[in-house]
Amino acid sequence: MYYKTTSYRIFNAFNVTFLVLLAVLCVIPLIHVMAVSFSSKAAADANMVGLWPVEFTLEAYKKTVRNPVFLHSIWVSVQRTVIGTALTLLLAFLAAYPLSKESAVFKSRTFYSWIFVFTMIFNGGLVPFYIVIQKLGLMNSFWVLVLPGAVNVWLTILLLNFFRGVPKELEEAALIDGAGHFRTLFRIYLPVSLPAIATLALFSMVFHWNSWFDGLLYISDAKKQPLATFLQTVIIQRDMSTMSMSPKELELLSQTTVNAAQIFIGALPILLVYPFLQKYFVKGLVLGSVKG
């Protein structure tokens, strides 16, 4: 067999080594941020922290969890991730089912499919989109974070291609038994599509949790912004108005350590979710290649 040859073993060794080094390079920045968050003010300000905390302290985390704006931004992100993911999956599920049918069953399938693809290539631009959001009265509301991106065409196409791989005999048997399209969709397609749906859910969760630009653009009230927008405002724009510190806290804390603690807490939920959904994520990489 080819995998027993010397050349394959050499290639495999180099391949594994390269991937391990790449994984280490991806993890090192996060470890450094975590080390800074647990270090003292003097060590962080002097850039003495590497991959291990210097003068270990929890003061940065104590300050972070006592900040009501930060805690509320986490709650907004949790709400956005849960509601946004559920809504995106529901709409993708309902759209992918009819679009996965053959032209003989759904004659306008190709026309509607191209409409979906068209929206991926062309858009009205940022200014018209902003005006639409303003006219709809969504400015400074929670729903501006969820509704504009509720229909994710890319995820719909992935699920569409997965549906095309579902055996037609299952649907035909359900139709013979008198089941309608909705019953077939939720009783037949839903159970067999759980791996695909888990993959799409992971993609959607990562998108909603990490998205910051829409919150920065459409929400001016810092108390209503999601976590990613809050971190972008505090760390990138260096707006410390929501991070008030007393003189005593300034003696113990560095803004660097507080920012590092906030970044690590913000990344923690996705880091905890990924190991459980990793196998579905790998499956999602080839999901769109399924042909009916």
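Glu-59 comes out as partly exposed because its relative accessibility is 23%, with partly exposed covering the span between buried (under 20% relative accessible area) and exposed (over 50%), for a 1.4 Å probe and protein chains only. This is a predicted model, so local features need pLDDT of at least 70 and side-chain atom pairs count only at pLDDT 80 or more, while totals for chains, interfaces and linings use all residues. Residues are numbered from 1 along each chain as its sequence is written, and side-chain values use heavy atoms, leaving out hydrogens and water.

Glu-59 pairs up with Lys-62 in a salt bridge, the closest N and O atoms sitting 3.8 Å apart; the term takes a side-chain nitrogen of Lys or Arg within 4 Å of a carboxyl oxygen of Asp or Glu. Both partners lie in helix H3 (residues 59–65), three residues apart, or about one turn of the helix. Helices here are DSSP runs (H or I, at least four residues), numbered from the N terminus. Lys-62, at 40% relative accessibility, is also partly exposed.

Searching the whole structure turns up two salt bridges. Asp-214 and Arg-80 make one too, with their closest N and O atoms 2.5 Å apart. This pair ties together distant parts of the chain, 134 residues apart: Asp-214 belongs to helix H11 (residues 213–218) and Arg-80 to helix H4 (residues 68–99). Asp-214 counts as buried because its relative accessibility is 14%, and Arg-80 is buried at 0%.

Elsewhere, Phe-18 is in helix H1 (residues 6–37) and counts as exposed at 51% relative accessibility.

Conventions
Helix = DSSP H or I, 4+ residues; strand = E, 2+ residues; numbered from the N terminus.
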